Amino acid sequence: MNTAFFMEAKALAALETEKWPSDLVSSRHLIYSSPAALSFHSPGAQGFGVKRAALSLPNSHMLLFSPGCCGRNTSALGGVDSYYGRRMHHLLLDETDIVTGRYLTRVEEAAYAVIRESNPEVLILLSTCVDALLGTDVERLSARIREKSGIPVLSATMYALTREGHIPPMVGVRRAMYSLLEKRKKNSRAMNILGFFTHLHDDCELYALLREIGIRTINELGRMRSMAEFSGMAEANFNLVLNPESRYAASYFLENLGIPSIELSRTFEIEKIHAQYEMLGSVLETRIPDTPYHEEALEAVETAAPLLSDLSFAVGETISAEPFSLALALLRMGARVPEIFAEPHEGVRPLLKAIAALSPTTRIYSNLSPSMRFYTPNPGEIDMAIGRDALFYHKKTPGFSFCSQTEPFGYKGLLSLLGAINKAHGTPRTEKVRTGSFLGTAEGKIEGRATRSPAKIKGLLTHLSPFAPDQSGVVSVLFGLGGTTVICDAGGCTGNICGFDEPRFGEEDSALFSAGLRDMDAILGRDEELLKKTAACIDPQKSAFLALVGTPVPAVIATDFQGLANMAEKRLGLPVLPFETTGTRYYDVGASKAYLAVLERFANEGGAKETSIGILGATPFDLSDREEEALTTKLARSGFTDPLYLGRKGGLEAVRRASEASRNIVLSPSGIMPALYLQERFGTPFECVFPVLPEIDIPKTSKKILIIHQQVFAASLRNALRAAGTEAEIHVASFFLMHKSLLEPHDHRLTDEYGFVQCLQEGGYDIVMGDSDISRALRTEDLASLQWIDIPHTALSGRAYPTGDAHG
């Protein structure tokens, strides 16, 4: 498998669905992880996932109770200072919680704490695969909190294992949201638009047409600013359903509120748009006066025809449109569509047949197929790419994402498409496809959001987001080593890793896959099925090893990773490394396990070389590219011209040469256990030090300083400040591993938001150095008495340190 699998439209349309090739059916193979597949792994990354969707309820707040990994990408909801990010709260579950299920009392206590702190109009309790597998009665819990608090409490679930089931998460969350509505007297001049979590483009003609036939109130979730407005949806005379995912929600309106629905499809074909408006008028027993908009669209298509006839398009699925419908519209307007990047399904069979009739050789790829790792574009074939996935494959081709914060529809939607095509034509590519971490910037904001001190509840994060989890640490070490990594999840954990924690994702090649687990895989423990899928997409001659990385789902069902690794190694004939990560611990624990695993398996015996030095704990979580450059330069000045950045650069060869290092330096706590191992095995001495530190001027009047970071960086900075003459008392605190050899009296191991706030409130510090994102857990008055110096830490916030501020 050295080429990307595709099937031509004519051949695919001729097959019955059950005979479609496995590469085009995601449930039959591992899921290849690339930026083109990010919307599968993490829908909220490029649109709306369950978290952001439920938070569309006005003035709602959400409590997610889960292992930390499930909420890691919450900061990506438009940034930590966003309308969505401010309303997310977390209760972190540990391994004991997962095994025993004894955490529901804490969930209830945390819910009341969130209500006291945030005063929401509605509270959303969000559970995950963990509670679905444990059988937690979240509805009963919600009812109890509702009764005691006196506010509406909604239960929703991020159960990615059922994404292809009868009620996928994005279908279920819509119905759950509208279940808050109670029956009211009907208003004959009111209606609801269902389908999207944001509103239609402001200039969409649908609004004007509805008003022309007498509709005075048009309710749309994306335009509502209070639950009072939301409650008014129960007065509607009818619904317009614009997205098939809202059919299940529409059934609630009919069954419980007596409100019928009419479904319209989003299409970019003029005559279909006109036919739909005629149908709508027929149902409403009136005429929809769309003639001016129809004529405007006809004129626009006629004007665009010469340009369209000269263009070849690649159409992706990460767009505000049904990709096969959009491709068909382009073909019917005279364009060519050689490629469609979208997984087909039964519902698009009529579209496939129509596409095949017009363009039988159109190639259909699935972004999720393992073979897409080998996709290469045909030079000169594609003139324009539509969709972030298509833009990723055609990196130098003009195009546009067609995925905005509002939704195109009707004639105006077609005009917005034609306008985007015209704008992109002949224009140098300016839109960069987002790869790697969501944030990745050094722009911090020092801000106290809290109105009161946090409740003393284990694992509660009222204002902070979860930190980088253990599986992200494993992947970070293994990323460039030439192996194949399979994350044993339903897709969401992979989305957190690839879309948030791994900055090299999409920029460097890595064979990284999701197991794509489904509910029956978890319930029945179908290990054999996982091995078959793995064997089908791995080439033992080209892959150095296979890594199996755990997540909360295998933790709940007690997957025997060592047994699975033994079976895989025997079948595949290559080394298999099992990692029983659970998503409840932090990145440094996972990275440490990964270092030890590869060193034990691949480090060769050999003699030390004076010019060689090993660097451990240097993943992108703890060392930026700029800092790496500064460190390499500084080491070279000291005679170490052969640095071995183990698990960062140099691939597996650097690991094999670990014994050649005359000494090792450890940049973060994740490297301490591996350094001890190398000391015992090869006699290599090591030192825990971060040699490239920011230059910080400390006022001579300062009396007491707190540094919050990973321990090696913080301890090194403390030593540097003392060496520079700082006389203030300096303490170190960290949410991550703290080794006793670096501890001083009064250093703090932080475990949650409560401990962090208590540390600052009781410490009497006049300067705090640390990632500014965590300052939002404090009150404004807490910050008033101290100076905060922002030192970003990727494992905390996803932000990297400013590239110009690393010094040798």
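## Confidence of the model

pLDDT is the predictor's confidence in each residue, on a scale from 0 to 100. This is a predicted model, in which local features need pLDDT of at least 70 and side-chain atom pairs count only at pLDDT 80 or more, while totals for chains, interfaces and linings use all residues. Residues are numbered from 1 along each chain as its sequence is written, and side-chain values use heavy atoms, with hydrogens and water left out.

The protein chain has a mean pLDDT of 90, and 93% of its residues reach 70 or more. Over residues 434-442 the pLDDT stays under 50, and the model has 38 contacts for them beyond four places in sequence; contact means heavy atoms within 4.5 Å. Residues 803-808 also have pLDDT below 50, with 15 contacts in the model beyond near neighbours in sequence. Where pLDDT is low, the predicted coordinates should not be read in detail.

## A parallel sheet

Helices (H or I, at least four residues) and strands (E, at least two) are DSSP runs, numbered from the N terminus. Two strands pair if DSSP finds at least two bridges between them. An open sheet is formed by 4 strands in the order E22-E21-E23-E24, with parallel pairing. Its edge strands, E22 (642-645) and E24 (686-688), each pair on one side only. Neighbouring strands of this sheet are turned by 20° against each other on average, direction ignored.

Strand E21 (residues 609-616) pairs with E22 over 4 bridges in the parallel sense. Ile-613 stands opposite Pro-643 in E22. Helix H27 (residues 672-682) packs on the sheet and touches E21, strand E23 (661-666) and E24; the direction of H27 makes about 165° with that of E24. Axes are lines fitted to C-alpha atoms, for helices over the stretch in contact, and angles run from 0 to 180 degrees between N-to-C directions.

## Helices H14 and H15

Helix H14 (residues 323-332) packs against helix H15 (residues 349-358) at an angle of about 30°, and their axes are 10 Å apart. H14 and H15 are therefore roughly parallel to each other, a term for angles under 35 degrees.

Phe-324, Ser-325, Ala-327, Leu-328, Leu-331 and Arg-332 in H14 meet Leu-351, Leu-352, Ala-354, Ile-355 and Leu-358 in H15. The residues of this contact of H14 with H15 comprise 9 nonpolar, 1 polar and 1 charged. Ala, Val, Leu, Ile, Met, Phe, Trp, Tyr, Cys and Pro count as nonpolar, Asp, Glu, Lys and Arg as charged, and the others, Gly among them, as polar.

Technical notes. Parallel < 35°, antiparallel > 145°, perpendicular 65-115°, else oblique.
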